[in-house]
Amino acid sequence: MNKNISALYQIAQKETRKIIGLMSGTSLDGLDIALCEISGSGQNTAVKVAHFETIDYSEEIKIEIRKVFAKKEIDFQHLVLLNEWIGILHAEMINSFLKKRNILSDEVDLIASHGQTVLHAPKFLHQQEKFPNATLQIGDGDHIAVKTGIITLSDFRQKHIAAGGEGAPLAVYGDYFLFGKKGENRIMLNMGGIANFTFLPASSNAEETFVTDTGTGNTLIDFFTKQYYPEKSYDKDAEIAQQGTVNQLLLDNLKDNAFFSQEFPKTIGPELFSEAYVKAALAKSAIETISAPNLLATLTRFSAETIAEAIYYSVKDSAFKLENFKIYMSGGGTHNPLLVKWLKELLPCTFRKTDELGISGDAKEAVLFAILANETVAGEDFNFGSHKGIPSVTMGKISFPN
Ligand SMILES: Nc1ncnc2c1ncn2[C@@H]1O[C@H](COP(=O)(O)OP(=O)(O)OP(=O)(O)O)[C@@H](O)[C@H]1O
Ligand SMILES: CC(=O)N[C@H]1[C@@H]2OC[C@@H](O2)[C@@H](O)[C@@H]1O[C@H](C)C(=O)O
């Protein structure tokens with residue numbers, strides 16, 4: 001037997017697997033690394049996050065990624081070079097993460113690498129009938145496996161598309177396995193660059209579970225913070241937005257997009273929620289100049305209202321009552337006090353943080369990929385039913401170190 005297959009076979013049989021989950025999201029802030037100890041699989045999954053760190057992207061890395069990020073037209077060679085370079089950079093980040101903690105690579109069973117999303121194009125966005133939903137994450141897994149010496153799973157989203165999904169959100173798999181709790185109605189709300197939520201009703205019935213993106217989370221706030229204040233990468237603690245007032249006309253025009261009337265579940269990215277999107281809404285509102293505080297207040301309100309409305313409309317025609325739901329927040333938006341304050345005003349739910357369930361909100365997406373790798377290597381069949389864009393498939397391609 002090939003020794004890699006034999007190693008994988010042994011990993012699959014272990015009581016507890018040490019899996020590094022990696023996430024580098026749409027905010028381009030850095031690489032989240034979570035070293036998880038995972039036992040069981042499916043609804044019997046138990047996770048302990050032994051170590052977590054976000055290794056910030058340098059300005060150089062951000063500049064190189066932004067050359068292709070969420071753009072329709074790019075220098076194609078640059079994309080090809082980036083695919084290799086990001087794989088190498090991520091491997092180096094993992095090696096330094098392990099070295100800092102005196103952990104040897106052979107103490108780690110698997111790496112689960114999301115890669116860097118450079119373009120997300122569901123059919124709704126590309127509108128070309130003959131082409132399927134599409135998405136691209138780069139930073140090749142082979143580089144990570146070879147440079148770290150650890151078996152690596154990567155490119156998780158393609159199988160989701162092959163099986164009928166949009167390639168996202170994948171959060172539901174981790175949320176259902178880890179946080180689905182009989183007797184408690186939960187909504188797991190992640191506010192990253194893009195926001196999404198998983199609906200986990202108290203029945204704990206997979207058929208009633210669903211997941212969807214809601215629209216922009218922080219992506220527009222970050223972009224325009226940088227435009228007005230090049231030295232800042234985000235509106236820390238909403239310090240700027242809190243000094244402004246919401247421009248109602250601009251807000252109405254921001255909300256006037258077909259994405260918001262699309263059926264659930266749906267996915268989206270910064271390809272739609274871009275500088276051009278806001279400029280078009282400003283033009284439609286006949287606004288020539290707007291102060292940074294007023295624009296950031298309006299953009300923060302835009303995120304809050306679209307998140308709240310997505311949650312409200314997705315349950316409106318059902319027997320579920322939002323009053324009976326606890327919302328567990330995660331992602332960087334949890335640290336934005338204005339966004340959270342408005343969400344609390346807009347929704348009748350109880351608000352909590354995923355940290356209270358034992359997983360830090362900053363680590364949650366990296367942990368998700370470790371769980372997906374655990375399922376692929378050691379999981380048994382699970383079934384989310386036949387609807388709502390949650391195909392019951394294992395995900396991730398396997399790269400061996402040699
Ligand atoms: N103290 C804070 N005040 C306001 N906003 C904050 C604060 N801390 C983090 N954020 C926001 O959170 C963002 C990072 O969020 P996160 O790391 O969850 O995004 P991501 O994982 O890149 O995105 P996605 O989940 O869409 O892929 C920052 O860019 C910033 O907008
Ligand atoms: C294509 C892509 O990278 N999508 C991300 C992004 O960031 C948040 C939201 O948009 C979500 O749909 C997804 O990530 C998480 C991890 C998910 O798949 O659940």
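In the predicted model, 22 residues surround ligand 1, and the closest are T26, S27, D222, D237 and G332; a residue is taken to be near a molecule if one of its heavy atoms lies within 4 Å of it. The model is a prediction in which local features need pLDDT of at least 70 and side-chain atom pairs count only at pLDDT 80 or more, whereas totals for chains, interfaces and linings use all residues. Residues are numbered from 1 along each chain as its sequence is written, chains are lettered from A and ligands numbered from 1 in the order in which they are written, and side-chain values use heavy atoms, with hydrogens and water left out.

The shell around ligand 1 comprises 4 nonpolar, 12 polar and 6 charged residues. In this classification Ala, Val, Leu, Ile, Met, Phe, Trp, Tyr, Cys and Pro count as nonpolar, Asp, Glu, Lys and Arg as charged, and the others, Gly among them, as polar. A polar backbone atom of S27 is found 2.9 Å from an oxygen atom of ligand 1, and a polar side-chain atom of E365 lies 3.0 Å from an oxygen atom of this ligand. For H335, a backbone N or O atom is placed 3.2 Å from a nitrogen atom of ligand 1. Of the 650 Å² of accessible area that ligand 1 has on its own, the protein covers 88%; accessible areas come from the Shrake-Rupley method with a 1.4 Å probe.

The protein is divided into domain 1 (3-170 + 363-399) and domain 2 (182-357), with bounds that come from an automatic or database domain assignment. The C-alpha centres of the two domains are 25 Å apart. Across the interface, 25 residues of domain 1 are in contact (heavy atoms within 4.5 Å) with 30 residues of domain 2. Ligand 1 lies between the domains, because both give residues to its shell. Ligand 2 likewise lies between domain 1 and domain 2, since both give residues to the shell around it.

Around ligand 2 there are 16 residues, of which T117, R157, L170, A171 and D213 come nearest. A polar side-chain atom of T117 is 2.6 Å from an oxygen atom of ligand 2. Backbone N or O atoms also approach oxygen atoms of ligand 2, at 2.7 Å for L170 and at 2.8 Å for A171. The protein covers 97% of the 430 Å² of accessible area that ligand 2 has on its own. By residue class, the shell around ligand 2 contains 6 nonpolar, 7 polar and 3 charged residues. Strands β4 (110-121), β5 (134-138) and β8 (194-200) each supply at least two residues of this shell, and the largest share, 3 residues, comes from β4. Strands are DSSP runs (E, at least two residues), numbered from the N terminus.

Strand β4 also contains H114. This residue is buried (under 20% relative accessible area, 1.4 Å probe, protein chains only), with a relative accessible area of 2%. The side chains of H114 and R157 are joined by a polar contact of 2.8 Å, a polar contact being a pair of N or O atoms within 3.5 Å; within protein, one must be able to donate a hydrogen and the other to accept it, and residues adjacent in sequence count only if both atoms are side-chain atoms. Neighbours within four places in sequence being left aside, H114 is in contact with L22, M23, S24, Q137, R157 and F369. The C-alpha atoms of H114 and G21 are separated by 8.0 Å, although these residues are 93 residues apart along the chain.

Technical notes: Helix = DSSP H or I, 4+ residues; strand = E, 2+ residues; numbered from the N terminus. Buried < 20%, exposed > 50% of the residue type's maximum accessible area, 1.4 Å probe, protein only.
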